[in-house]
Amino acid sequence: MVGLPYDFLANPLGAIRSTFEKAMAAEVASGADPANYDGRDWGVADLFRRFLFDNGGLSQVPILNSTSFKWVQPNTLVRFRGMIQDMLGNELYVGVYKDGPNWRTNKYMDLSQFSMDSRPDMRVWERQLLYCVPVPGQNSWVEPSSEAVINCHRNGTSQQREKRPRDDDTTSDPMDLHVSGDEFQGSSSNKKMREDEIPSKLSQAQDFVSEGASSISMVPTLDKDSLPCLVKIYDVPEFDLKLNDVFEFVGIFTFDPELVVKDDTDEFSDLCDDVLADMPPSKVPRLHCLIHRKLAVHDFISNSPVMEVKPHLVKQIRGSLLGHLTAVLGNDGLAANFMLLHLLSRVNGRVDNFAVGKLSLNFSCFSKESVSVFGNQITLAIKNLLPFTHHIPLTVDYLNAASLAPRKDYQLNRLVTGVLQLAEGSHLTVDETLLEAGTLNSVGVENARLLKNLMELQKVEYDFKYYKMEMATDIQLLILSEGKSNILPADLVLPFQPSSVDSAEPVAAEALEAWRWYLATLRSLPNSIEPELQKVIEDDLVAARQVDRTLSSGDFSRIADNGAANVSELW
C-alpha cells in the first residue's frame, strides 16, 4: 500500500522543497521571471494543514519541551506550545536564489543547503521573530508524560515508514531526502541513523538544560526545566500575533550549536539583526513555523472527557466539585460557593476602565497557623484544577525587591519579563499573612500599585523607560489575609470560617478530569442575560442601592454578572 508521498514528520523540508520546485516550474511555464517571486506561500501551508488536521497527523507530531528536546532530531516536524514573551521584529534572509539552472529557497531554514554567491537574481525576504516560553505557571499535569510523548513519536514515525513502498529500502527517492546541517542525504541507512543518534543528541541537550537555560537573562524566572524557543513566522500579518497570547506552533525544529560560528563567515550574516546575538541556537532552539493556532485554557485540558454541555450532567459535576471545595475549605460551605464563582469568573468585556466579569476574592480571618494548613490545601486544589497557577508570598522584602512589571532593556533591545507577565486565564494566589510592619522603598511602592491596578482594572503596566504602556489581562486573583487586605482591594471579602481540619480526601483522576472540563468549558461559554433575569437583577440593584447609597457602578456590575451566573441553568 502506497501512503503519503512525503515523510512529513521526519523530512518536512523535502515536502517544502518539492512544492517550491513545482511552483518555480509553473512560474517559468507561465513566462514569469522566478527572480520576481515575492515570497508568498506556494502551497506549503495547505499541504501541511491537510496532513495535520484532515489526515490526523497532529497527534503524531511530538511536543517540543525540555524532555523531548533530548531526543527530537533537527529538521523534523515538532509543535511548541507557549506564550509570546517578546516580539523581536523582522529578520531579513535570502529567500530565493539561483544555483546553476535551478532555483532554490532558504525559507523555513537557518542555513542555506547550497552554496550562495552574491548575484543580482537573489531576493531578500522577511520573517517575524517571536521569543516564546512555556506558559508561565503551567502545572505538571498539563503536559503528557515523557514516555507517552516518545511512544507517540515512535508510533507516528513507524506508521509513516510502513506506508512507504517496500522498494524504498533499496532505492533513494529524491523526495525522501533528509536535510542535514550541511548537505542532503538520501540513503535509508541515514534514516536508521537518525534513531541511533539519540545518545549524542542527548548529551548536547543535557548541556543546554543544565547550563544554557539558567544563563538566559531575558527570562530570569524560568527554571532549568523550561525550554524557550525562537519561533520564525512566515506570511502572517503582524496584528494576528499579540504579546502574551498563547499559541501552538507547528514547524521545523532546528538546533545547530555551530550556527553562530558559521554565521561569522557568511557574507550574508549582516542581513540578520544583532537582536539574536545573545540567543544562540545552543541555548534557544529555533522553530520555523508552518502552521499556528491560538490556544485557550480548554485546549490544555487534554485528558478530560469529551462531553456535551447538558444541564443535568453539568449540575452533577458541579455538585461533586462543590463538595470537594467544601472539604478543602474545612467544611465552610459559603466560602466554597464563592470559591467556585471565583474559579468560573473571567473578563468578558470592558466598559471604560472597568473589567466586566472579574471576581477577585479575599479570604480573611487567616492566621499564620491556619494558612499553613488550609492555605496549602487551597493552593494544591487550585493547581490540580487549573492549568496555569502562581503563588506570591507577600512580604515587605518581596515588594521591595521583586520585578513585577516587564521592562524594556534598550541595550539588549529585549523585553525583560516580570512576575505579572502572565497568560490569559492564569490564577494568582497572594498570601498576605506573611506581611509584617516595615518600610516600602520606591520599588515596593510601585509594586504595590501594580498589584492594586491588576486587581481593580485587570491591567499591567509595562515599563518602556521613557513611557509606560498598559496591557489588558485576565487573571483570577485570590488573597489570603488576616484582616481585610488594605493593599489589594478585592471585589469580595469573605471571612474564612472552617469547622474541621484535614477533611479533604484523595481525589480520583476521573473526578479531576471532569472538574477541569467543567471549569474550562463553562468559562468559555458566552455570557448573556435573558430579559426575565435582567428584570430580576434590576430590581435587586434598586433594592441594594436603597439600603446602601455608597454602592458604585462597579459593585452593580459585579452583582449583575455574578447574579447571572448564580441563577443560570448551567450553574
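Tutor: A charge is taken to sit over a ring if NZ of Lys or CZ of Arg is within 6 Å of the ring centre and within 35 degrees of the ring normal. In this predicted model, Arg516 lies over the face of Trp141, at 3.7 Å from the ring centre. The charged end of Arg127 likewise sits over a ring, that of Tyr93, 4.0 Å from its centre.

Tyr93 also belongs to an aromatic cluster, together with Tyr108, Trp125 and Tyr234. Across the whole structure, a search finds 14 aromatic pairs. One of them joins Tyr108 and Tyr234, and this pair is tilted because the ring centres are 4.6 Å apart and the planes stand at 50°. Tyr108 counts as buried at 4% relative accessibility, as does Tyr234 at 6%.

The rings of Phe300 and Phe388 form an edge-to-face pair, since their planes meet at 80°, with centres 5.0 Å apart. Phe300 lies in the loop between β8 (286–294) and α7 (311–328) and Phe388 in the loop between α9 (368–385) and β12 (389–393), so this pair ties together parts 88 residues apart in sequence. Phe300 is buried, at 1% relative accessibility, and Phe388 is buried with a relative accessible area of 1%.

Tyr410, by contrast, is partly exposed, at 37% relative accessibility. Its position is the loop between β13 (407–409) and β14 (414–416). With Tyr466, Tyr467 and Met469, Tyr410 forms a nonpolar surface patch of about 450 Å² of accessible area together.

Key
Residues are numbered from 1 along each chain as its sequence is written. This is a predicted model: local features need pLDDT of at least 70, side-chain atom pairs count only at pLDDT 80 or more; totals for chains, interfaces and linings use all residues. Side-chain values use heavy atoms; hydrogens and water are left out. Patches are made of residues with over 30% relative accessible area and no salt bridge: like charges are joined within 9 Å, nonpolar side chains (Val, Leu, Ile, Met, Phe, Trp, Tyr) within 5 Å. Accessible areas come from the Shrake-Rupley method with a 1.4 Å probe; for residues, only the protein chains shown count as cover. A salt bridge is a side-chain nitrogen of Lys or Arg within 4 Å of a carboxyl oxygen of Asp or Glu. Helices (H or I, at least four residues) and strands (E, at least two) are DSSP runs, numbered from the N terminus. Buried means under 20% relative accessible area, exposed over 50%, partly exposed in between (1.4 Å probe, protein chains only). Rings of Phe, Tyr and Trp (its six-membered ring) pair if their centres lie within 6.5 Å; planes under 30 degrees apart count as stacked, over 60 as edge-to-face and the rest as tilted.
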